[in-house]
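Please look over the sequence and the model below. A short report follows them.

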Amino acid sequence: AGAVVAEHERLVGRLGESLKLDHYLELLRLKPGAMGPSVPLQQARAAGAWPSAYDRLWEELKRRHGDAAGTRQMIDVLVLHRKAEAAEVHAAVAHALELGCCDAEAVELLLRQRRSAPGGVHPLEPLGQLELYGGPPSADLSAYDALLGQDAQEEAA
């Protein structure tokens, strides 16, 4: 009926192969040791679809959580490509590394924050009307101590 049901990359040469890493993530979650030497990972690296930040994150995940659990967390990060554009996921991974966050949930949270904040996350400056309230409160609490009454002052002493 004119609907696209599948798309395949055109291969040049005989017996060529093209495997997409995204298609194997569920299998790799079961066998995380197979991810490192996998053909799809090598193809992603060769195509420039695997930024160096991913290797840094993966190494840190394995260091903190162990090889298998760290690789599973890296797979969870790769699954984020199904929900967002590659550039957004790359930026979230880079931001997580800047912050020292090394877990898939942190990367996902940073991705959600980037996607929900128009133009990125903005600092609270300038404060505008809030400047009318002055700086931080004084550390002198003697006026509040007087409100406690004599019994509370004796207990505090």
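## Basis

This is a predicted model: local features need pLDDT of at least 70, side-chain atom pairs count only at pLDDT 80 or more, and totals for chains, interfaces and linings use all residues. Residues are numbered from 1 along each chain as its sequence is written, and side-chain values use heavy atoms, leaving out hydrogens and water.

## Fold

The protein has eight helices and zero strands. Helices (H or I, at least four residues) and strands (E, at least two) are DSSP runs, numbered from the N terminus. Of the 157 residues, 24% are buried. Buried means under 20% relative accessible area, exposed over 50%, and partly exposed in between (1.4 Å probe, protein chains only).

## Helices α5 and α6

Helix α5 (residues 86-99) packs against helix α6 (residues 104-116) at an angle of about 120°. Their axes are 9 Å apart. Axes are lines fitted to C-alpha atoms, for helices over the stretch in contact, and angles run from 0 to 180 degrees between N-to-C directions.

## Salt bridges

The whole structure holds seven salt bridges. Each is a side-chain nitrogen of Lys or Arg within 4 Å of a carboxyl oxygen of Asp or Glu.

In helix α3 (residues 52-65), Lys-62 and Glu-59 lie three residues apart. Their closest N and O atoms are 3.3 Å apart. Arg-64 and Glu-60 also form a salt bridge, at 2.8 Å, N to O. Arg-64 is partly exposed, at 45% relative accessibility. Glu-60 is buried, at 19%. Salt bridges link Glu-60, Arg-63 and Arg-64 in a network.

Lys-83 pairs with Glu-108 in a salt bridge, with 3.1 Å between the closest N and O atoms. Lys-83 lies in the loop between α4 (67-79) and α5 and Glu-108 in helix α6, so the pair ties together parts 25 residues apart in sequence.
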